[in-house]
Amino acid sequence: MKRNTLVTGAVLLILATFSWAGWANWEYRKQAAEKRLANVSQAELVEVGDAQTALGPLIGRPAPQFSLEDLSGRRVSLADYKGKAVLINFWATWCGPCKVETPWLVDLRNQYAGKGFEILGVSTDDIDRGDAKAFGQEKQEISEFVQRMHMPYPVLIDGDSLSKPYGGLDAMPTSFFVDRSGKIVAATTGITSKDDIEVNIQKALKSSSLVPVGDFNPRSQNQDVDTQIATDFDREKS
Amino acid sequence: MRRVRKTLAVLLFAIVGVYAAAQVHETDKPIRTGPKADAVQYLYPEQVTVTAGKSAPVALHFRVKQGLHINSHAPKDEFLIPTVLSIPESSGVRLDSAEYPTGTEFALPVEPGTKLIVYTGEFAIQARLVAQPGDHMVEAKLRYQACDASACLPPKTITVPIDVVAK
């Protein structure tokens, strides 16, 4: 009798141990899955953020030089605009936010052109120079977009060739605001607002020397936070 | 009696020990985050069995990463890149037709008046496949272009691997 009780107790104990082990294992797996999901979600949300963060090291440095063809085949270099404040705007025909942003850029270009400001629109649409027919079609598509959006500034092609010197260009639109001395004073990835763009244009127009290195905001990476600019901006708007 | 007790005790220690070891082993496993994942992930099916030579319906399921959207198959703007499924000609399987979901309306926060038609979260393409007899490892392709609320990633084509068994 005593022996039977002992064996039954032992069996129950073993069963309880297995049940606990099973439950603990299920809990562990559940928590691990949740942790994995949380990591993946975080990675998803920072994907475009990564593109912005990559721009940070370029701010305060001379804009990487380039020479690209425009839609008519003419070579256009950044050096051609020495002494002017330049907005290098990387865009693509397939980019919805670029389409929203372009009319703002056109307005701002027309507003500030007289003060020594120019925009270089750099298309990152794929182009295939090895296939003359495809190349012609691709240029035609870009050209149609440019005409439809009434872009009055130079539009260059083959922007992907600048991805390495310009921080990867992983997402569009990406803009670099270059001051008169050729240094990048602000950089943004993603659409913000017309007012934000205007503030950066004014910063590029006013800044002409090496800007101090400081913290930067990943969405709108500006250094040389000049409160005077904001004051001037408000004054001009009113 | 003592022998029974000893045996039970050893058995218990062994079970607990093996379980504890398994737990430590599990805990030591790193959480795999891997390289930056694609904006769209193919979910299922991995394998389908169809009647050879006849058009067979196959629903292909995908998931768009959280926070992103991709254009539908018929985006409103002609410049936007539609989501398109294709199957290489030499695979022994032909894409007879593909019915895409309608998509949902989406507007950029900076321009709420302009509606885009996009896919978010999980979506399925109702494909019809015609396969030659045999087992075919098909590498279908899905081309799409993804954006978040303020920026867009370049167009991309992912492989959609499906084992098509045609009898």
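A: Happy to! Two strands count as paired if DSSP finds at least two bridges between them. Please keep in mind that this is a predicted model.

Let's start with strand E12 of chain B, residues 156-166. Strand E2 (residues 47-50) of chain B pairs with E12(B) in the parallel sense, over 4 bridges. Strand E10 (residues 134-144) of chain B is joined to E12(B) by 11 bridges, and these two run antiparallel.

Elsewhere in chain B you can trace an open sheet of 4 strands, in the order E7-E8-E4-E11 and with antiparallel pairing. Its edge strands are E7 (104-107) and E11 (146-147), each of which pairs on one side only. For E7(B), the neighbour is strand E8 (residues 115-119), joined to it by 4 bridges. To find your place there, look for B:Ala107, whose bridge partner in E8(B) is B:Lys115.

Now for chain A, which has 5 helices and 8 strands. Along the sequence they follow the pattern α-β-β-β-α-β-α-β-β-β-α-β-α. Of its 238 residues, 34% are buried. Among contacts between residues at least 6 apart in sequence, 76% join residues at least 24 apart.

One helix contact in chain A is worth a visit. Helix H2 (residues 96-112) and helix H4 (residues 194-206) have axes that come within 10 Å and cross at roughly 35°. The crossing is right-handed. From H2(A), A:Trp104, A:Leu108 and A:Tyr112 meet A:Lys194, A:Ile197, A:Glu198, A:Ile201 and A:Leu205 of H4(A). Sorted by type, the residues of this contact are 6 nonpolar, no polar and 2 charged.

What about H4(A) itself? Its buried residues are A:Ile197, A:Val199, A:Asn200, A:Ile201, A:Gln202, A:Lys203, A:Ala204 and A:Leu205.

Terms used. Residues are numbered from 1 along each chain as its sequence is written. Chains are lettered from A and ligands numbered from 1 in the order in which they are written. This is a predicted model: local features need pLDDT of at least 70, side-chain atom pairs count only at pLDDT 80 or more; totals for chains, interfaces and linings use all residues. Axes are lines fitted to C-alpha atoms, for helices over the stretch in contact, and angles run from 0 to 180 degrees between N-to-C directions. A crossing is left-handed if the near helix is turned anticlockwise from the far one by less than a right angle, and right-handed if clockwise. Two residues are in contact if their C-beta atoms, placed from the backbone, lie within 7 Å. Ala, Val, Leu, Ile, Met, Phe, Trp, Tyr, Cys and Pro count as nonpolar, Asp, Glu, Lys and Arg as charged, and the others, Gly among them, as polar. A residue is buried if 20 or more other C-beta atoms lie within 10 Å of its own, exposed if 12 or fewer, and partly exposed in between; C-beta atoms are placed from the backbone.
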